[in-house]
Amino acid sequence: MDHVAPDRPSSSAPEDGAPLRGKPAALHEADAGEQQAPFSAETERARHAQQRWAQVPINERLRRVRAFRHELVDASRRICKTIAGDVGKRYDETLVAEVLPLAQECRFLEANARRILRPRKSPLRTRPILLWGQRDVTFRRPRGVVAVIGTWNLPMAINVVPILHALTAGNAVLFKPSEVAPRTGELIADLIARAGFPDGLFQLLPASRDAGPQLAEADIDHVAFTGSSTTGRVLASTLGRRLVTSTLELSGCDLLLLLEDGNVPLAARGAWFGATANAGQACVGTRRAFVPRSLLEPFLDALVPLVECAAPVPLILSAQVKLADRLIADALGHGARLIRREGVEPADGHVQPAALVQPAPDTLACREAYFVPLLTVVPYDTVEQALAWDAECSYSLAASVFTADVARARTVATRLRCGVVHVNDVIIPMAHPATSFGGSGASGWGRTKGVEGLLEMTVPQVVSAVSGSFRPHFDTLGTHWFFDPDSFEALIKLFHARSLRDKFGAARHLAGQVLGTRQRGPSDRFRDSQ
């Protein structure tokens with residue numbers, strides 16, 4: 001899937017909230033052929049709506065968010081039925097993993113968005129003496145038109161969070177749902193409309209494969225994308241040509257690291273829950289359990305009964321069924337032992353959850369991203385060895401550390417590249433609405449959720465106001481005593497010299513400058529010689 005965006009800064013003018021923008025690069029290149037950017041009518045309508053919306057007070061915007069939360073609750077059964085029709089998810093799973101976290105995120109915005117987005121004054125104590133009289137305020141301006149390209153595995157929670165963040169920050173949104181969950185996309189659009197967001201501010205695009213590349217070529221200012229690393233790389237390359245920003249929440253191959261003092265049965269249960277949650281179709285699913293070699297047998301004693309009683313589960317993407325077979329065959333070819341329930345033949349489109357014990361750390365199942373209920377269990381001899389193996393994996397989204405020493409876990413976390421580290425838990429802590437989510441490396445960049453997720457939908461704009469009329473820099477350089485090299489040297493010494501003697505001498509020199517009594521210095525003699 002291709003994604004491209006306009007060749008212009010992604011910020012907003014303080015006067016009208018409109019993006020500070022020029023003509024899209026794609027249009028410059030197509031002028032001769034009278035070509036139009038895709039979705040031109042939708043983006044133009046969105047821009048007009050966004051300019052008006054950016055002027056709406058934040059309290060009024062948040063009233064719409066609160067209304068959306070109420071609509072969400074009223075439509076909870078409808079949401080469950082729609083998601084079940086799209087991706088086959090059980091009602092209880094949808095309520096716990098989609099409706100409740102999304103309602104909590106709305107409430108977080110209602111309570112905190114004013115504070116997060118309010119202008120921030122630079123403290124006077126940080127102002128250099130040369131900028132005396134200057135006042136700096138940093139404003140958070142909307143990006144303009146934000147494209148949200150949705151996913152299917154959590155089609156409400158994952159997609160609606162960036163939509164609401166973008167709208168709260170004053171943006172317009174063009175939403176392209178996953179082709180796997182088209183009815184959920186329609187439901188999202190209906191709830192947005194019922195919440196009273198202005199007409200044209202949020203627009204639903206076709207849930208088709210073609211709509212993604214077309215939206216990428218549209219006149220947009222920012223892209224929020226959730227999906228595979230393969231598609232994310234194409235997106236990043238395409239957007240990079242036009243210097244358009246993006247938030248990429250991509251694949252993971254998440255680690256569970258059990259330390260020597262960790263609760264072994266708890267870690268085993270956590271690893272299996274993380275591997276099988278949402279039938280293994282989660283970007284933050286646990287793929288690798290690194291276990292101290294001395295604790296391998298106790299860990300397996302707790303894990304094997306869980307694995308052997310697991311029933312086959314359906315996968316939404318048929319290609320993942322074939323991938324599961326390939327991952328297992330590769331690991332077995334490198335000496336791994338397979339554990340799974342015997343005597344069960346999965347139906348078409350289903351897979352049997354399984355664990356691979358003692359695969360080589362460089363097997364595909366320890367390095368690749370996949371949406372399959374498959375866990376690898378890798379024994380290690382030292383924590384340094386385990387961290388080195390983790391660093392060799394290109395994916396870095398989330399991780400878990402199981403230990404009795406939280407302080408030690410935080411130290412270990414400094415060695416991990418991922419954006420989220422859980423201590424003695426997996427996946428569920430990410431439901432906290434105030435904390436951000438995102439990865440690095442092949443797992444993408446940028447953040448969703450929480451404070452950072454809201455700020456991601458804005459750009460900072462600094463407005464500096466200077467009082468008075470003293471502007472020596474307006475004079476020709478060298479004609480004002482302020483620019484005398486000796487004076488600059490004295491000024492530097494006054495604030496940054498090592499000794500009080502040097503600072504006192506610098507103060508005397510500057511006082512002489514102001515009073516017109518200073519002694520001739522090296523710069524005078526140099527100018528006399530010219």
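Start by selecting Leu243, which sits in the loop between helix H9 (229-241) and strand E7 (245-249). Helices here are DSSP runs of H or I with at least four residues, strands are runs of E with at least two, and both are numbered from the N terminus. You are looking at a predicted model, where local features need pLDDT of at least 70, side-chain atom pairs count only at pLDDT 80 or more, and totals for chains, interfaces and linings use all residues. Residues are numbered from 1 along each chain as its sequence is written, and side-chain values use heavy atoms, with hydrogens and water left out.

Look at the backbone of Leu243: its phi is near 55°, a positive value in a residue other than glycine. Most residues other than glycine have a negative phi. Leu243 counts as exposed because its relative accessibility is 65% (exposed means over 50% relative accessible area, buried under 20%, partly exposed in between, with a 1.4 Å probe and protein chains only).

Now jump to Lys449, in the loop between E19 and helix H15 (450-455). Lys449 is not a glycine either, yet has a positive phi of about 70°. Is Lys449 buried or exposed? With a relative accessible area of 14%, Lys449 is buried.

Next, colour the six-stranded open sheet, whose order is E5-E4-E3-E6-E7-E19 with mixed pairing. Two strands pair if DSSP finds at least two bridges between them. At the edges, pairing on one side only, are strand E5 (202-204) and strand E19 (444-445). Within the sheet, pick strand E3 (residues 145-149) and strand E6 (residues 222-226), a parallel pair with four bridges. Val148 is a handy landmark, standing opposite Ala224 in E6. Contact means heavy atoms within 4.5 Å. Axes are lines fitted to C-alpha atoms, for helices over the stretch in contact, and angles run from 0 to 180 degrees between N-to-C directions.

Keep H7 on screen and show H4. Helix H4 (residues 76-87) and helix H7 (residues 182-194) have axes that come within 8 Å and cross at roughly 155°. That makes H4 roughly antiparallel to H7 (over 145 degrees is roughly antiparallel, under 35 roughly parallel, 65 to 115 roughly perpendicular, and the rest oblique). Side chains to display include Ile79 and Ile83 in H4, and Leu187 and Leu191 in H7. The residues of this contact divide into five nonpolar, three polar and five charged. Here Ala, Val, Leu, Ile, Met, Phe, Trp, Tyr, Cys and Pro count as nonpolar, Asp, Glu, Lys and Arg as charged, and the others, Gly among them, as polar.

For another helix pair, select helix H10 (residues 264-276) and helix H11 (residues 296-308), which pack at about 40° with their axes 8 Å apart. This angle makes H10 oblique to H11. Among the contact residues are Ala268 and Trp272 of H10, with Phe299 and Leu303 of H11. In this contact, 12 residues are nonpolar, none is polar and one is charged.

Finish at the three-stranded open sheet, ordered E1-E2-E20 with antiparallel pairing. Its edge strands are strand E1 (120-121) and strand E20 (458-466). E1 pairs with strand E2 (residues 134-142) over two bridges in the antiparallel sense. Centre the view on Lys121, which stands opposite Val137 in E2.
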